[in-house]
Amino acid sequence: MPEQPLSSRGELAAVPLGVAGQSTLRERLLARDERALVELIELATPWLLGLTQGMLHDQDEAEEVVLEVFQTVWDRVGALGEGHEGLMPWLLRVARNRAIDRLRRRSRWRRKAARAEAYGAAGGTAVPFREPDEAGHPGWHVHESVHAALAALPEEQRAVVRLSYFGGLSHSEIAEQLDLPLGTVKTRLRLALDKLRVSLAPIGDWIR
Amino acid sequence: MTPHDWYAEHRAAFVARALDAREERLFADHLGRCDECTREVTRLERELGWLPMGVTPAPPRPGLTHQLAEGVLRRRSAWRRLAPTAAAAAIAAAALGFGVHERQRGDTLAAELGRREAQLAAADSERSGQLASLAALEDTLSVMRQAQHVVQQDIAMNGHHGRLLIFQDAASHRWNVVMHGLPPAPAGEVYQFWFITGSGMVRSAELRSGGSGAALAMVSMPKVPGPVMGAALSVEPAVSRSVDQPTGPMLAHIEF
Ligand SMILES: [Zn+2]
């Protein structure tokens, strides 16, 4: 969805308090502590990069999007105290939206290539993503939870989520890609997202 | 079914950005008027907030996190973009085979540029074989100095790392395209420069990388309706000139 002003949407919210008496990353960002920004960049960049590279298939562009995300955080740091969305989900959402905007600006030729790649990656196989290879990475437990939630979906629903959420394709593009009726795609995506909402709900923020 | 049911049914699709552009605009307009949908969309965003972490994290290349922090804190406007003077001087030097480092200050580079131009002017008959190309380069340099928009992107080909620079000259409506650091194209293939336009990819000049490793082309805007939105560089079979779409590996894809 198009980005709206952070202040009106109440984003970047309640990151839980860490050790008592110690400022959270959010609080330090609010205080414009540059070291907090550096910490955030180190924690979040691998995830943002994994997302944007996977969507854009272009490392330079992916890095540009990640830079834009952190610039947005730093510009809007005053709004960090509002709303109820965690810091990390907010970063992920902004990154994904920016990546989709870029995908949609690409020429038709390029988008077709991206679609083919997205589908190739979905491949109709049972495993939607590469297997974990860095289990010690901060936030890895979230990745595992999301992975498990996706793995629990029926394969046809997972393919639609893959193309939509990680490929940036619209309903009609997915229908064209998978050669399915539009209504079927809409239904599968809605069912899948309903299930994912339930299974992702218990995940808490891991950036303190 | 009331008119509002459509919105209620498509909230998750809106959050997933699965709506087509027209529907997405419609929905976004509606959000401005409907508290219920705004509330539900916010809730859905929160509930699905972790879904993007289903991807495997990508380790940043060395130095990237530092570069990002610098980029945010110092707000360098020059993330992969250079000021025209500095870029022109840097590429002039690169094209001439001199190793000017692009991070030098613009004034130093401007002085460097002057010196190089003087060298060009002083090119004597011993270098007669190069005079034609030097004259062309002088012409290019004169346009580069007026460039109003300079874009660059790193490119890689068979283990070689180079760069594509584009100097857009709003006055002449010409672009000066410079590629350097790449070897000559493989036998039977060419480096092909493309415009990305509203009506698709439009074939432009070939870039011939010679012994110096640099290639320059001055290109005119494509004759298609609509704006030029970007540029691309690919490797194409030399025989495919009649094909109007890229078919080979894409080395650069730049959007403005
Ligand atoms: Zn509504």
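Across the interface of chain B and chain A, the rule finds 6 salt bridges (a side-chain nitrogen of Lys or Arg within 4 Å of a carboxyl oxygen of Asp or Glu). One of them joins Arg105(A) to Glu255(B), with the closest N and O atoms 3.6 Å apart. The largest share of the side of chain B that touches chain A comes from helix 5 of chain B, with 7 residues.

This is a predicted model, where local features need pLDDT of at least 70, side-chain atom pairs count only at pLDDT 80 or more, and totals for chains, interfaces and linings use all residues. Residues are numbered from 1 along each chain as its sequence is written, chains are lettered from A in the order in which they are written, and side-chain values use heavy atoms, leaving out hydrogens and water.

The interface in brief, with contact meaning heavy atoms within 4.5 Å and buried area being the accessible area (1.4 Å probe) that two parts lose on being put together, summed over both:

| Item | Value |
|---|---|
| Residues in contact, chain B | 56 residues |
| Residues in contact, chain A | 75 residues |
| Buried area, chain B and chain A | about 6,000 Å² |

Carbon and sulfur atoms carry 63% of that area.

Chain B also holds an open sheet of 4 strands, in the order 5-4-7-8, with antiparallel pairing (two strands pair if DSSP finds at least two bridges between them; strands are DSSP runs of E, at least two residues, numbered from the N terminus, and helices are runs of H or I, at least four). Its edge strands are strand 5 (200-207) and strand 8 (250-255) of chain B. A hairpin links strand 4 of chain B to strand 5 of chain B through 2 residues. These strands pair over 6 bridges. Tyr191(B) stands opposite Leu207(B). Strand 5 of chain B is largely enclosed by the rest of the structure, because 6 of its 8 residues are buried (under 20% relative accessible area, 1.4 Å probe, protein chains only).

Methods:
Buried means under 20% relative accessible area, exposed over 50%, partly exposed in between (1.4 Å probe, protein chains only).
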